[in-house]
Amino acid sequence: MNIGDFAHHLSRRVEGLTGAVTDPFRPTVIRLGVTGLARAGKTVFITSLVANLTDRGRMSQLRAVGEGRIEAAYLQPQPDDTLPRFDYEAHRAALLGDRPHWPESTRAISELRLSLRVRPTGLLSGFQGTRTVHLDIVDYPGEWLLDLALLDKSYAEWSRDTIERLAGRPVAADALEALKGEDATAKLDETRAQVLTRAFTGYLEAARAEGYSDLTPGRFLLPGDLAGSPVLTFAPLPPQDDAPRKSLWREFERRFEAYKARVVKPFFRDHFARIDRQVVLVDALGAIHKGPAAVEDLRRTMADILGAFRPGRNAFLSQILMGKRVEKILFAATKADHLHHTQHPSLAALMQALTREAADRARFAGAETQSMAIAALRATTEETREHHGQSLDCVRGTLLETGKSAAFYPGDLPQDPQKLLGPAQEGAEGWLDGDYGIMSFAPANLSLRPGDGPPHIRLDRAAQFLIGDKL
Ligand code: GDP
């Protein structure tokens, strides 16, 4: 154990001891992790959640709101001075301003503290004063969780696995060519190192555009302020038994180890290990529309992501967690406003099937889990239209490209969730093959009544599951 890990270990112990003495005047702190792969909907989710907790007119399913016990909600300086602040004001202005547009997506970790003043429940509620609950929302890319698996691998093993994976993907042809042709035993040449890194990163970007999601190292696609640094300047190379010192192979091996020690471990130790509740957002509709290969890839990636929540999965993680675990995990299929509500139960069932393996593991570990279909920001309204003598349940929204309002039927979802995952994937060619591909909506132009947050679908139920018991 190094000094950093030891200090962390010690502070956990002290937290454990002091936590045993309950102090009624001490505010409750909930650290809520919000994650998901790129474009899953993290930024929109956090922005709408905070806006709806501040103006609670549409949050009746959050019990404390339904019971009228939340007296105030206000933003406060966050507890971690070195983490970027989630840019709530800019994102809210994008979504709810005069010309609504989607905000900039998550690129790195950020944090926001929303404090709630809550009246207690029960008989004594009239006699007791209000309590303060700090909700510390931590936004981070799901891609970073995939890096946990790297901790168990040497550079040679990671290279071998990655090159094997590349070999099966047409989109990797150029990168593979560049990596295979390299003399890894030659002396390191920084220009070559950068050329190889660019080829490899180019592959990761192209693979993501095709819908693949198993794309490590996670920081290559979302580098934040590490862009261009040596820890992000390496690529897989065919294994070498006896690469000399100072060779390209040895230097890439050193950088890979530095990436694990200086990038991956600090994230898990300083941020991941402190999360109490977690929401994992998933663009399941996007994957279903792309077809069986994308769904299968998403299922596997979800299992990998959620492996991080399974104690014992990784020795380093067990050591830093010290028995602490995430208490609740919500798997939410986002952007459900693309579907009429009659299709929502199917989406929720599909989401459950998609994450079953992972959810089983988390349940085994003592975390409570739930699956839901939500829309953090509802951009559509519903209508039923006649089409060739049949009535179709459609949604109407403003198209991003033209600014015109139009009604669409996205297509059918697989009826039996098992079919989504079965080997044959029967009828897969028919999944969401209606208008879904052209349903690119802008956020609606809203005039909110005082006290109302932006419209959503089941965001209040999601909040009840995640934090309701603490209010
Ligand atoms: P992030 O990368 O996880 O932060 O994803 P964002 O929150 O930026 O969302 C990515 C995109 O998904 C947005 O730009 C929107 O186009 C779309 N989106 C996210 N949430 C919703 C939603 O609730 N409804 C609709 N219709 N689109 C959404």
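What follows is a quick chat about the ligand, its pocket and a cavity.

Reply: First, the ground rules. This is a predicted model, where local features need pLDDT of at least 70, side-chain atom pairs count only at pLDDT 80 or more, and totals for chains, interfaces and linings use all residues. Residues are numbered from 1 along each chain as its sequence is written, and side-chain values use heavy atoms, with hydrogens and water left out.

Me: How many residues surround the ligand, and which are the closest?

Reply: The ligand is surrounded by 18 residues, with Arg39, Lys42, Thr43, Ser105 and Asp337 the closest. To be near, a residue needs a heavy atom within 4 Å.

Me: How does that shell divide?

Reply: Nine nonpolar, five polar and four charged. Here Ala, Val, Leu, Ile, Met, Phe, Trp, Tyr, Cys and Pro count as nonpolar, Asp, Glu, Lys and Arg as charged, and the others, Gly among them, as polar.

Me: Which atom of Ser105 is 2.6 Å from a ligand oxygen?

Reply: An N or O atom in the Ser105 side chain. That is a polar contact (a pair of N or O atoms within 3.5 Å). Backbone atoms also take part: a polar one of Leu377 is 3.0 Å from a ligand oxygen, and an N or O of Ala40 lies 3.4 Å from one.

Me: How much of the ligand does the protein cover?

Reply: 94% of the 580 Å² of accessible area that the ligand has on its own. Areas use the Shrake-Rupley method with a 1.4 Å probe.

Me: Where does the ligand sit?

Reply: In the largest pocket, meaning more than half of its atoms lie within 2 Å of the pocket's grid points. On a 1 Å grid over the protein atoms alone, a pocket is an open set with protein on both sides within 12 Å along at least five of seven lines, a cavity is a set of points where a 1.4 Å probe fits but cannot get out, and lining residues have an atom within 4 Å of a point.

Me: What is the pocket's volume?

Reply: About 1,200 Å³, counted as the space filled by probe spheres set on the points, which are joined across faces, edges and corners.

Me: Which helix gives the most to its lining?

Reply: Helix 6, with three residues. Helices are DSSP runs (H or I, at least four residues), numbered from the N terminus.

Conventions. Polar contact = N/O pair within 3.5 Å; in protein donor to acceptor, adjacent residues only side chain to side chain. Helix = DSSP H or I, 4+ residues; strand = E, 2+ residues; numbered from the N terminus.
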